[in-house]
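Biologist: I have the sequence and the model open side by side, and I would like to talk through them with you. Could you begin with whatever I need in order to follow your terms?

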Amino acid sequence: MRVSGPDAIAASDHEPSQPSDGHVAITSVMAHWGEVIQGPVLVRDVPQIGLVTLPDPTRWVTATAMRKSHGSRTSCNQPWKTKALKAAQLTIERYAPGTSVDLDLRSTIPEGVGAGSSTADCAATIRAWHR
């Protein structure tokens with residue numbers, strides 16, 4: 001299955017450009033509700049790993065990332081969003097060691113109810129950093 005559209009996240013070998021101080025990027029990712037089907041599914045009698053969720057286009061998280069070429073540590077305006085902060089740190093370690101980002105997350109996705117808030121936070125964080 002291929003996901004497309006303006007908010008689809010595609011894997012790529014593209015390396016992002018090196019950050020410059022003050023570069024700001026903004027991106028949004030929608031919520032999704034639970035895993036309707038998760039795990040092996042038989043396709044032509046061959047088990048395939050699958051995951052089906054229900055997208056919710058009425059709820060979003062928007063990430064604003066301001067890159068810093070050196071100096072201070074990576075930060076997030078919502079300190080309890082530890083998964084998004086870790087996603088930012090891992091992305092920076094991989095693509096631009098020694099740099100950092102100020103991350104601002106704004107969300108209408110309820111937390112802790114299976115709407116994919118952490119997943120959306122992480123995806124929006126990584127997308128914003130890469131832009």
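Modeller: Buried means under 20% relative accessible area, exposed means over 50%, and partly exposed is what lies in between, with a 1.4 Å probe and protein chains only. By that definition, 33% of the 131 residues of the chain count as buried. This is a predicted model, in which local features need pLDDT of at least 70 and side-chain atom pairs count only at pLDDT 80 or more, while totals for chains, interfaces and linings use all residues. Residues are numbered from 1 along each chain as its sequence is written, and side-chain values use heavy atoms, with hydrogens and water left out.

Biologist: Okay, how many helices and strands does the chain have?

Modeller: There are two helices and four strands, where helices (H or I, at least four residues) and strands (E, at least two) are DSSP runs numbered from the N terminus. Starting from the N terminus, the order of the elements is β-β-β-α-β-α.

Biologist: And in what order do the strands sit in the sheet?

Modeller: The four strands form an open sheet in the order β1-β2-β4-β3, with mixed pairing; two strands pair if DSSP finds at least two bridges between them. At the edges are β1 (24-43) and β3, each of which pairs on one side only.

Biologist: Which way do β1 and β2 run, and how many bridges join them?

Modeller: They run antiparallel and are joined by 18 bridges. Ile26, for instance, stands opposite Thr64 in β2, and Ile37 has Val52 of β2 as its bridge partner. The two strands form a hairpin with two residues between them, and Arg44 in that turn has a positive phi of about 55°.

Biologist: What about β2 and β4, how many bridges there?

Modeller: Eight bridges join β2 to β4, and these strands are antiparallel too. Within this pairing, Ala63 is placed opposite Leu105 of β4.

Biologist: How do the axes of α1 and α2 cross?

Modeller: Their axes come within 8 Å and cross at roughly 35°. The crossing is right-handed, a label used if the near helix is turned clockwise from the far one by less than a right angle, with anticlockwise being left-handed. Among the residues that make this contact are Ala84, Ala87 and Ala88 of α1, and Cys122, Ile126 and Trp129 of α2. The residues of the contact divide into eight nonpolar, four polar and two charged, counting Ala, Val, Leu, Ile, Met, Phe, Trp, Tyr, Cys and Pro as nonpolar, Asp, Glu, Lys and Arg as charged, and the others, Gly among them, as polar.

Biologist: Now the charges: how many salt bridges does a search of the whole structure find?

Modeller: The search finds five, a salt bridge being a side-chain nitrogen of Lys or Arg within 4 Å of a carboxyl oxygen of Asp or Glu. One of them joins Lys81 and Asp121, whose closest N and O atoms are 2.8 Å apart. That pair links distant parts of the chain, with Lys81 in the loop between β3 (75-76) and α1 (82-95) and Asp121 in helix α2 (residues 117-130), 40 residues apart.

Biologist: Are those two buried or exposed?

Modeller: Lys81 is buried, at a relative accessible area of 5%, and Asp121 also counts as buried, at 4%. Together with Glu111, Lys81 and Asp121 are linked in a network of salt bridges.

Biologist: What does Lys68 meet in a salt bridge?

Modeller: The side chain of Lys68 meets that of Asp102 at 2.9 Å, N to O. Lys68 belongs to strand β2 (residues 46-68) and Asp102 to strand β4 (residues 100-107), 34 residues apart. Lys68 counts as buried at 13% relative accessibility, whereas Asp102 is partly exposed at 26%.

Note on methods: Axes fitted to C-alpha atoms, helices over the stretch in contact; angles between N-to-C directions. Contact = heavy atoms within 4.5 Å.
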